[in-house]
Amino acid sequence: LMLAAALIASMQILGVTLIASALVIPAITARLLTDSFNRMIVISTIIGAATGLIGMYLSYYLDIASGASIVLLQSAVFITALTITSFQRRAERRLVHTHI
């Protein structure tokens, strides 16, 4: 019920095509940052709420579309997390290979 209410409310703000992105990108980003399901839910909620708030703020003051600004901001957070985690994994692989 809560998910249905959130989808109906967000259709006015984001539009139909951007809803899938707004629901999936925070979850994927949280999955990059943790392996724990409980932490992933919390991190995903925080990312979604923060990017939604900041995206709405930016869309108001920059006079741009709110749905696009939210999804672009979420995409920027995802790309940042992907870059950081890939560097961390490369560093871990280097440490494993040098200590064997």
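**Tyrosines, a helix and a charged pair**

A: Let's start with two residues you can find on screen: Tyr60 and Tyr61 are both exposed. Keep in mind that this is a predicted model.

Q: What kind of aromatic pair do Tyr60 and Tyr61 form?

A: To read a ring pair, look at the distance between the centres and the angle between the planes. Planes over 60 degrees apart count as edge-to-face. Here, Tyr60 and Tyr61 have centres 4.9 Å apart and planes at 85 degrees, so the pair is edge-to-face.

Q: How many aromatic pairs are there in the whole structure?

A: A search turns up two. Tyr57 and Tyr61 make a tilted one, with 4.7 Å from centre to centre and 55 degrees between the planes. Put together, Tyr57, Tyr60 and Tyr61 make up one aromatic cluster.

Q: How far apart along helix H3 are Tyr57 and Tyr61?

A: Here's the general idea: an α-helix has 3.6 residues a turn, so residues three or four places apart point the same way. In this case, Tyr57 and Tyr61 are four residues apart in helix H3, which means about one helical turn lies between them.

Q: Is Tyr57 buried or exposed?

A: Exposed means over 50% relative accessible area. Tyr57 has 52%, so it's exposed. Tyr61 passes too, at 55%.

Q: Which residues make the nonpolar surface patch?

A: Leu53, Ile54, Tyr57, Leu58, Tyr60, Tyr61, Leu62 and Ile64 make it, and the patch covers about 920 Å². Take Leu58 as one of them: it sits in helix H3 and, with 32% relative accessibility, counts as partly exposed.

Q: And which residues of H3 are buried?

A: Those are Met40, Ser44, Ile47, Thr51, Gly52, Gly55 and Ser59.

Q: What follows H3?

A: Asp63 comes next, and its phi is positive, near 55 degrees.

Q: How many salt bridges does the structure hold?

A: Side chains of opposite charge can pair when their charged atoms come close. This structure has one salt bridge. It links Arg31 and Asp35, whose closest N and O atoms are 2.8 Å apart. Asp35 is exposed at 71% relative accessibility, while Arg31, at 45%, is partly exposed.

How values were computed. Residues are numbered from 1 along each chain as its sequence is written. This is a predicted model: local features need pLDDT of at least 70, side-chain atom pairs count only at pLDDT 80 or more; totals for chains, interfaces and linings use all residues. Side-chain values use heavy atoms; hydrogens and water are left out. Buried means under 20% relative accessible area, exposed over 50%, partly exposed in between (1.4 Å probe, protein chains only). Helices (H or I, at least four residues) and strands (E, at least two) are DSSP runs, numbered from the N terminus. Rings of Phe, Tyr and Trp (its six-membered ring) pair if their centres lie within 6.5 Å; planes under 30 degrees apart count as stacked, over 60 as edge-to-face and the rest as tilted. A salt bridge is a side-chain nitrogen of Lys or Arg within 4 Å of a carboxyl oxygen of Asp or Glu. Patches are made of residues with over 30% relative accessible area and no salt bridge: like charges are joined within 9 Å, nonpolar side chains (Val, Leu, Ile, Met, Phe, Trp, Tyr) within 5 Å. Accessible areas come from the Shrake-Rupley method with a 1.4 Å probe; for residues, only the protein chains shown count as cover.
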